Amino acid sequence: MMSFQLDHAATLVALVDEGSFERAARSLHVTPSAVSQRIHAMEEAVGSVLVQRTTPVVPTQAGRVALRYARQLLLVSADAARALRLDGGGPTAAHRGDGDAGDAASSLTITIPIAANGDSLATWFLGALAATRDRIDAVYDIRREDEELATRLLRRGEVMAAITTTAKPVQGCTSTPLGMMRYRAVSSPGFYERWCREPDDETAGSPLGWPLRRLAPMINFDRSDMLQQRYLDSVLGKAAQPPSHYVPAAQDFGDAIVLGLGWGLLPDQQADEWLRAGRLVELMPGSAVHVPLHWQRWKLPSDALELLSETVVAHAAQSLLRNE
């Protein structure tokens, strides 16, 4: 049975999160040699190499199992320590009179790594996290990840919760529907004038007599963002390869469309104000894309994780469309 000391578990988490022995040592206020010794002790205990000594450090398959266990151990330990403090069931530095009470309190803070897609971060998700600030003694380590790929971070043990498009829960997790984000194809008025007003013979009289058929430049978030490409292919009924810009930040992505670099799909929460102001036009009214979102989290008894999940689900209900 796997059994780690708390400081060893914290060392493995810090090493993977920070990416190197030196940075992990700085975050833990120990020497790189101490980090190396702790990892070596863990590897001897489990009989497997846990990390590849690369830059950045990468957990092995055994290391991903150990990493998940280490995060769970730290979460449950912090939950228990905080409960004991609140219930008066254990001494703190303030009670003992030795050391800094602030340091004791900060040691009870839980770190919760979360995977979230850029559009959720830019629109509703940060508000949900902010709503927990007086209820959860936690800090959030947010990993921006495409909602279709976020489950891989759960499987690797790199995050405790994630916003995903996958309804089926990852092993060891629960899955709760959040609602849908609706996306519309939009461009600036100037871009539309340039590409749409003079359809050629092929597109004359067609509802698609505009940029999609003429393969106007489109904007993608990054190279894992396939939303625009799938939309384009579905409209054309065939694969297409238009010139593409890559703008990997949600606000900048929207700004790039407003500035006329290309067309793209924006969620209602981001596009509505620009559409009302006339800074954007919708290219194909009635052809919105609906992306269902789910909240997957570790199936672990944790007050902090439970409160976080309840808050996220409640905020999603106020911000997203109901699942069809």
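What you see is a predicted model.

The protein chain holds 15 helices and 11 strands. Of its 324 residues, 46% are buried. Among contacts with a separation of 6 or more, 72% join residues 24 or more positions apart. The chain exposes about 16,000 Å², and 50% of that comes from carbon and sulfur atoms.

Let's look at helix H3, which covers residues 32-46. Its 15 residues reach 21 Å from first to last C-alpha, close to the 21 Å expected at 1.5 Å a residue. Ala 34, Val 35, Arg 38, Ile 39, Met 42 and Glu 43 are its buried residues, and their cover includes helix H1 (6-18), helix H2 (21-28) and strand E1 (51-52). Just after H3, Gly 47 has a positive phi of about 75 degrees.

Now for the charged pairs: the chain has 13 salt bridges. In one of them, Arg 71 meets Asp 17, with the closest N and O atoms 2.7 Å apart. Arg 71 belongs to helix H4 and Asp 17 to helix H1, so this pair ties together parts 54 residues apart in sequence. Arg 71 is buried at 4% relative accessibility, while Asp 17 is partly exposed at 31%.

Another bridge links Asp 272 and Arg 184, at 2.3 Å between the closest N and O atoms. Asp 272 sits in helix H14 and Arg 184 in strand E6, so the parts tied together are 88 residues apart in sequence. Arg 184 is buried at 14% relative accessibility, and Asp 272 is partly exposed at 28%. Both belong to a network of salt bridges with shared partners, which also includes Arg 182, Asp 268 and Glu 282.

Conventions. Residues are numbered from 1 along each chain as its sequence is written. This is a predicted model: local features need pLDDT of at least 70, side-chain atom pairs count only at pLDDT 80 or more; totals for chains, interfaces and linings use all residues. Side-chain values use heavy atoms; hydrogens and water are left out. Helices (H or I, at least four residues) and strands (E, at least two) are DSSP runs, numbered from the N terminus. The expected span of a helix is 1.5 Å times one less than its number of residues. Buried means under 20% relative accessible area, exposed over 50%, partly exposed in between (1.4 Å probe, protein chains only). Contact means heavy atoms within 4.5 Å. Accessible areas come from the Shrake-Rupley method with a 1.4 Å probe; for residues, only the protein chains shown count as cover. A salt bridge is a side-chain nitrogen of Lys or Arg within 4 Å of a carboxyl oxygen of Asp or Glu.
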